[in-house]
Amino acid sequence: MYPRIIVKINKLRENIEKISDIVHKKNMSYMLVTKVFRADRDILKLISDLDFDYIADSRIMNLKNIHNLQINKKKVLLRIPMISELEDVVKYSDIALISELKTIKKLSEEAKKQNKNFGLILMIDIGDLREGIYNEDHNIYIKEILDSDNLYLEGIGTNLTCYGGIIPDEENMSRLSKLASDIEHEFDIKLNIVSGGNSSSYYMLDKIPENINNLRLGELVIFGRESAFIQNIDFLHQDVFEIQAEVVEVKEKDSKPVGTSTFNAFAKKVEFEDRGIIKRAILAIGKQDVDHNYLKPVNEDIEILGGSSDHLILNVTGLETEVGDIISFVPEYTGVLNAFTSDYVHKSIK
Ligand SMILES: *Cc1c(COP(=O)(O)O)cnc(C)c1O
């Protein structure tokens, strides 16, 4: 059935194994970030035996879906929680990232209600300007967590290269490292986790200060690419996923639309270059499945011309393409996210 996304599970397993080796040799742990494939149950069943340390996802709904799978790893909620979802947060995760006193107080009440001891990682904003406390007295937050019933401080963490495009470097990493030591001295505690960021921290693995002992990794492991400089890692697979769609029309037509020009399906003015007659194929896949901006045809002679909600139009001039053919694409991160989010895309694990 098409469109479909194919998961090459052995390639994913190999990527996880290699990164586990590298990270553990540095005496660090890592969270496998599953949000891009929506913590898909069937995928998780086939990788849960591997040596990653935590399962981490941004949505509690995804963690709820895998709640009854027998996986012997702690579950971490990556997006700082909504107050309105705290019941599920406590029920379906073990650790959450946190940055607000009000949420800490409410979490304590909820954890008490459920008679569970819940772990928190206090997020520190070191310049990317997404989540985390910023130029505030961290002691107030640490004290609040340490003093709260049914909560414990698992550690601290930071997030980079998400909103502000700031990469980890020796300066901001040593600030995080110093903050961790200060907290340990001040409160006479040991932080279990000092989480130094996501796939953009991989490039400086050899230079990360010693007490930063955890990373949260999605893109690196799943797409074989670090995200500070967007470089493929040569010993990892970049093609864990493939998307396939079926051709429903092939015709020779003009390259420039004919008639009075107005807006396209997305209320945008469009302009076309006249390249004469070309061979065009329509595929039964559209933005309701995967946004074509995040797809790259495997066959490099195929050009994506455009698409709408349900159709994708290709230039297949010079190719043997026929109705009923299946065309393959390598999806970007957002393409995989789209595919797993859309009910219309079939999932196939190979
Ligand atoms: C998505 C996410 C990550 C993982 O990012 P990658 O670039 O895919 O490694 C880590 N931390 C948080 C808070 C996230 O939301």
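These legends accompany a set of close-up views of one predicted model.

Residues are numbered from 1 along each chain as its sequence is written. In this predicted model, local features need pLDDT of at least 70 and side-chain atom pairs count only at pLDDT 80 or more, while totals for chains, interfaces and linings use all residues; side-chain values use heavy atoms, with hydrogens and water left out.

**View 1. The whole chain, to get your bearings.**
The chain holds 9 helices and 16 strands, where helices (H or I, at least four residues) and strands (E, at least two) are DSSP runs numbered from the N terminus. Its C-alpha trace spans about 75 × 40 × 40 Å along the principal axes. Of the 350 residues, 50% count as buried. Here buried means under 20% relative accessible area, exposed means over 50%, and partly exposed lies in between, with a 1.4 Å probe and protein chains only.

**View 2. The largest pocket.**
Start here if you like open space: this pocket has a volume of about 850 Å³. Its lining counts 32 residues, and Pro257, Asn264, Val270, Phe272 and Arg280 lie nearest the centre. Strand S10 (241-254), strand S11 (277-283) and strand S13 (303-307) are the elements that give two or more residues to this lining. The largest share, 5 residues, comes from S13. By class, the lining has 11 nonpolar, 11 polar and 10 charged residues. For these classes, Ala, Val, Leu, Ile, Met, Phe, Trp, Tyr, Cys and Pro count as nonpolar, Asp, Glu, Lys and Arg as charged, and the others, Gly among them, as polar. On a 1 Å grid over the protein atoms alone, a pocket is an open set of points with protein on both sides within 12 Å along at least five of seven lines, a cavity is a set where a 1.4 Å probe fits but cannot get out, and lining residues have an atom within 4 Å of a point. Grid points are joined across faces, edges and corners, and a volume is the space filled by probe spheres set on the points.

**View 3. The second largest pocket.**
This pocket has a volume of about 580 Å³. Among the 21 residues that line it, Lys35, Arg130, Cys162, Asn198 and Tyr333 lie nearest its centre. The lining divides into 7 nonpolar, 7 polar and 7 charged residues.

Side chains of opposite charge can pair when their charged atoms come close. Across the whole structure, 19 salt bridges are found, each being a side-chain nitrogen of Lys or Arg within 4 Å of a carboxyl oxygen of Asp or Glu. In this view the side chains of Lys178 and Asp182 meet at 3.0 Å, N to O. Both residues lie in helix H7 (residues 170-187), 4 residues apart, about one turn of the helix. Lys178 is exposed at 53% relative accessibility, whereas Asp182 is partly exposed at 28%.

Glu249 and Lys253 form a salt bridge (3.0 Å, N to O). Glu249 counts as partly exposed because its relative accessibility is 21%, and Lys253 is partly exposed at 35%. Another salt bridge joins Glu303 and Arg275, with the closest N and O atoms 3.3 Å apart. This pair links distant parts of the chain, with Glu303 in strand S13 and Arg275 in the loop between S10 and S11, 28 residues apart. Glu303 is partly exposed at 30%, and Arg275 is partly exposed at 39%. Look also for Glu252 in strand S10, an exposed residue with a relative accessible area of 57%. The C-alpha atoms of Glu252 and Ile277 are separated by 6.3 Å, although these residues are 25 apart along the chain.

**View 4. A nonpolar surface patch.**
Leu129, Tyr134 and Tyr163 make a nonpolar surface patch of about 370 Å². Patches are made of residues with over 30% relative accessible area and no salt bridge, like charges being joined within 9 Å and nonpolar side chains (Val, Leu, Ile, Met, Phe, Trp, Tyr) within 5 Å. Accessible areas come from the Shrake-Rupley method with a 1.4 Å probe, and for residues only the protein chains shown count as cover. Leu129 sits in the loop between strand S6 (118-123) and helix H6 (138-147), and counts as partly exposed at 46% relative accessibility.
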